[in-house]
Amino acid sequence: MDTDYYSIDSILAENHKIPCKFEIDVQGLGYIDGGNEKDIKAGTKMLLPYWLAPTLSLQDWVDVEIPQPFSAKVRRALAADARSVKLSNLVGGTGTWYGFGKMMADLLREPQSSEISTTLINAFKLRLIDLMDQASHFGGAASSIGSSGETGEGGGEFREGLDATERELFTLAQGSVQRTKEWYETSSKLRSV
Amino acid sequence: MALPVSLHASTTPQELEFIAGYDMIEIMPSVRTDRIRVLSGTYGPLDALRTTKVPVWMALHLKARKKCRIVSPAWLSVDYLQDRLAEETSDKAFSLLPFRYAEIAKLLLDSAAEDIESADKIRLILKDIHEARQAKSREGLHQINDVNLRVRNICALELNDIRPSFVKSMDILIKLSPQAQQSHEEEDTFRDWSMGDDSYPVAADSTMETEW
């Protein structure tokens, strides 16, 4: 997500694929999408990783489309109820939907760019609420067995649908709740010297 | 030796407890000594007839050797805390409590419970206060945006609790914001930041150790 060249987050986010359509013939690179052809013909559609796209599209060799994780269908689902959308289905369990979205917003031109940004921000804020509630529940419930029973169902699904960025936040929040709870329950009595 | 990952995120509650040990507290010594000179300052002389102010860590060490009796701070009483609890449960904002109330209360209740009136009752009230405030600080996260967050009267432990997730979420929100606004907002982020911090304990309106 950073513009930092060495940022691991952005390197991973750039690995996501976007649909591209070749405008020209390319010789000898037919193997790229695993096909048997020797050359790529103009008009071929292919999924290329994000890091290839800016160079190629600037030269007008490919035409870039909005990838599936940010399609109108997904955006409508998010507007309806952001919490029930499973981001991990869109980009895979270790994928970064937010990072990918930010890169798409940078790549695209104006009306689409701010549309995607707004979708990202709203989705993040809404999901953050549930994320925090669950994290504190699981942090505090570490030592009690039966309390995860009632929220188990809906909570489990939500947690499966988190993307990598959200999972990191979840772990952070859960860790800090756990530490506070442990400290609170152990005695600070000075042992006799 | 690298710092363990669990310590990257924020200070631990044990570290906060240690820092809280530097707050001053009144004791009634049962021995007589000259002035005590330690790295953090000079305290005393201790006199069996007068109360003296010493750091909490020193008070607890003296207490462990049965050389003093600790005078319970004004805010650590059933009435005061019950008033605060009523405020916490009825109001959406945080009530006024000493910045390090949780750590100091724990230190005193664990090592010097006999010097504090109704220690058990106080423990229960404190637990309720603690939970109410924690719930509120979680609530506060719901209003997060990418510019600033004003919280009055938050205390050290709650602050430490929400710090890692809060900082990371704000980071993500800043990155997601449309490019045009980004450079403008980054300047404001530093100027408007008005949440208290452990190293600059000046949360708006929080009381510091000298008041009680």
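Reader: Which residues is B:Pro29 in contact with, leaving aside its neighbours within four places in sequence?
Author: In this predicted model, B:Pro29 is in contact with B:Leu46, B:Asp47, B:Ala48, B:Arg50, B:Thr52, B:Lys67 and B:Cys68, once its neighbours within four places in sequence are set aside.

Reader: And where is B:Pro29 found, and does it count as buried or exposed?
Author: B:Pro29 is found in strand β1 of chain B, which covers residues 24-29. B:Pro29 counts as buried because its relative accessibility is 3%, and the cut-off for buried is under 20%.

Reader: What separates the C-alpha atoms of B:Pro29 and B:Arg69?
Author: The two residues are 40 apart along the chain, and their C-alpha atoms are separated by 6.1 Å.

Reader: Changing topic, at what angle does α8 of chain A pack with α6 of chain B?
Author: Helix α8 (residues 164-185) of chain A and helix α6 (residues 156-176) of chain B pack at about 175°, and their axes are 9 Å apart. The angle therefore makes α8(A) roughly antiparallel to α6(B).

Reader: Which residues make that contact?
Author: Among them are A:Leu169, A:Leu172 and A:Trp183 of α8(A), together with B:Leu157, B:Pro164 and B:Ile172 of α6(B). By class, the residues of this contact divide into 8 nonpolar, 5 polar and 3 charged.

Reader: How does α8(A) cross α1(B)?
Author: The axes of α8(A) and helix α1 (residues 13-20) of chain B come within 9 Å and cross at roughly 55°, so α8(A) is oblique to α1(B). The contact is made by A:Arg179, A:Thr180 and A:Trp183 of α8(A) and B:Pro13, B:Gln14 and B:Glu17 of α1(B).

Note on methods:
Residues numbered from 1 in each chain as written. Chains lettered and ligands numbered in written order. Predicted model: local features only at pLDDT ≥ 70, side-chain atom pairs only at ≥ 80, totals over all residues. Heavy atoms only, no water. Axes fitted to C-alpha atoms, helices over the stretch in contact; angles between N-to-C directions. Helix = DSSP H or I, 4+ residues; strand = E, 2+ residues; numbered from the N terminus. Parallel < 35°, antiparallel > 145°, perpendicular 65-115°, else oblique. Contact = heavy atoms within 4.5 Å. Nonpolar A, V, L, I, M, F, W, Y, C, P; charged D, E, K, R; others polar. Buried < 20%, exposed > 50% of the residue type's maximum accessible area, 1.4 Å probe, protein only.
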